[in-house]
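Dear colleague,

I am passing on a structure that I would like you to look through, together with some notes on what turned up in it. Please keep it open beside this message while you read.

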Amino acid sequence: RSRFGTRRVFIIAVSLFTLGSLACALSSSLTELVIFRVIQGIGGAMMMPVARLALLRAYPRSELLPVLNFVTMPGLVGPILGPVLGGVFVTWASWHWIFLINIPVGIVGAIATLLLMPNYQMQTRRFDLSGFILLAIGMASLTLALDGHKGMGLSGGAIAGLVALGVAALLGYVWHAYGNSRALFSLRLLRTPTYKIGLLASLLGRIGSGMLPFMTPLFLQVGMGFSPFHAGLMMIPMIIGSMGMKRIVVQVV
């Protein structure tokens, strides 16, 4: 993103997400839906780091905490409206609208990016392709192993093989990155105690916060018999509490 510019990469990200959403709505089989969801996910995953990079360049360090906190506030609107709108679409329309609703949002986002976002660029080093491949294999293998039995019907031996492959790939990355100044993620960062503590705390916090929007509606629908619409409404109090804390946390820090 630093080589090609924040605005260009963000436009590509928004376009991939929007086109992926349209393709998901038009998919006629589960295989097509999964493929197009991957494309949509690639675009969605690119948007947040590029937007934060632009903020880091645009504001001085003394203002980063309140600025980043302010930016996350609109992001909390999604967990409020998402389950509710999803419940409305599934109950009274069709599942296709879960993806079609992203198209006008993507178009507006692309236009706003062209008009407002600066195109920050800088000299970059060569991309660590081998490190990226090792990390991708490690994370993908371990993720598949976690859901391999129930979701994919894999045998115990296949799951053990995935775990072994994932662990070997991650250990291979540690060996690759040790003393390598051009590694994708430098291991020297772990020598900073505050970074290690923050990384661990963020991992634990995100496991919980990332799980709740998925597990809570599922529990309410499957376990408690709620309709999709009412399960979505039950998410609103939790998000309102989170938005309220965002206003307090800056003053506390």
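**The largest nonpolar core**

The largest nonpolar core is made up of 8 residues, namely Val9, Phe10, Ile11, Val14, Val50, Ala54, Ala110 and Met117. At least two residues of this core come from each of H1 and H2, and H1 gives the most, with 4 residues. Please bear in mind throughout that this is a predicted model.

**The chain as a whole**

The C-alpha trace spans about 55 × 50 × 40 Å along its principal axes, and of the 253 residues of the chain, 25% count as buried. Among the contacts in the chain with a separation of 6 or more, 72% are accounted for by residues 24 or more positions apart.

**Helices H1 and H2**

Helix H1, which covers residues 6-26, has 21 residues and reaches 30 Å from its first C-alpha to its last, which is close to the 30 Å expected at 1.5 Å a residue. Its buried residues are Thr6, Val9, Phe10, Ile11, Ala13, Val14, Thr18, Gly20, Ser21, Ala23, Cys24 and Ala25, and what these buried residues pack against is helix H2 (30-58), helix H5 (96-100) and helix H6 (102-116).

Helix H2 has 29 residues and reaches 42 Å between its first and last C-alpha, close to the 42 Å expected at 1.5 Å a residue. In H2 the buried residues are Gln40, Gly43, Val50, Leu53, Ala54 and Leu55, and two that you have already met, Val50 and Ala54, belong to the largest nonpolar core.

Is Asn102 buried or exposed? Asn102 has its place in helix H6, and because its relative accessibility is 18%, Asn102 counts as buried, the cut-off for buried being under 20%. Leaving aside its neighbours within four places in sequence, Asn102 is in contact with Phe17, Ser21 and Gln40; of these, Ser21 is among the buried residues of H1, while Gln40 is one of the buried residues of H2.

Ile12 and Leu199 are 187 residues apart in sequence, and from C-alpha to C-alpha they are 29 Å apart in space.

Asp147 is found in helix H7 (residues 129-152) and is partly exposed, with a relative accessible area of 43%. Asp147 and Ile159 are 12 residues apart along the chain, and their C-alpha atoms are separated by 9.0 Å.

**The second largest pocket**

Finally, please turn to the second largest pocket, which has a volume of about 450 Å³. The residues that line this pocket are Leu135, Tyr173, Phe185, Ser186, Leu187, Leu189, Leu190, Tyr195, Lys196, Leu199, Leu200 and Leu203, and when they are sorted by class, the lining has 10 nonpolar, 1 polar and 1 charged residues. Which helix gives the most to the lining of this pocket? That is helix H9 (residues 193-223), which contributes 5 residues. Leu199, to which the distance from Ile12 was given above, is one of the lining residues.

With best wishes

Methods:
Residues are numbered from 1 along each chain as its sequence is written. This is a predicted model: local features need pLDDT of at least 70, side-chain atom pairs count only at pLDDT 80 or more; totals for chains, interfaces and linings use all residues. Side-chain values use heavy atoms; hydrogens and water are left out. On a 1 Å grid over the protein atoms alone, a cavity is a set of points where a 1.4 Å probe fits but cannot get out, and a pocket is an open set with protein on both sides within 12 Å along at least five of seven lines; lining residues have an atom within 4 Å of a point. Grid points are joined across faces, edges and corners, and a volume is the space filled by probe spheres set on the points. Ala, Val, Leu, Ile, Met, Phe, Trp, Tyr, Cys and Pro count as nonpolar, Asp, Glu, Lys and Arg as charged, and the others, Gly among them, as polar. The expected span of a helix is 1.5 Å times one less than its number of residues. Buried means under 20% relative accessible area, exposed over 50%, partly exposed in between (1.4 Å probe, protein chains only). Contact means heavy atoms within 4.5 Å. A nonpolar core is a set of buried Ala, Val, Leu, Ile, Met, Phe, Trp, Tyr and Cys residues joined through side-chain atoms within 4.5 Å.
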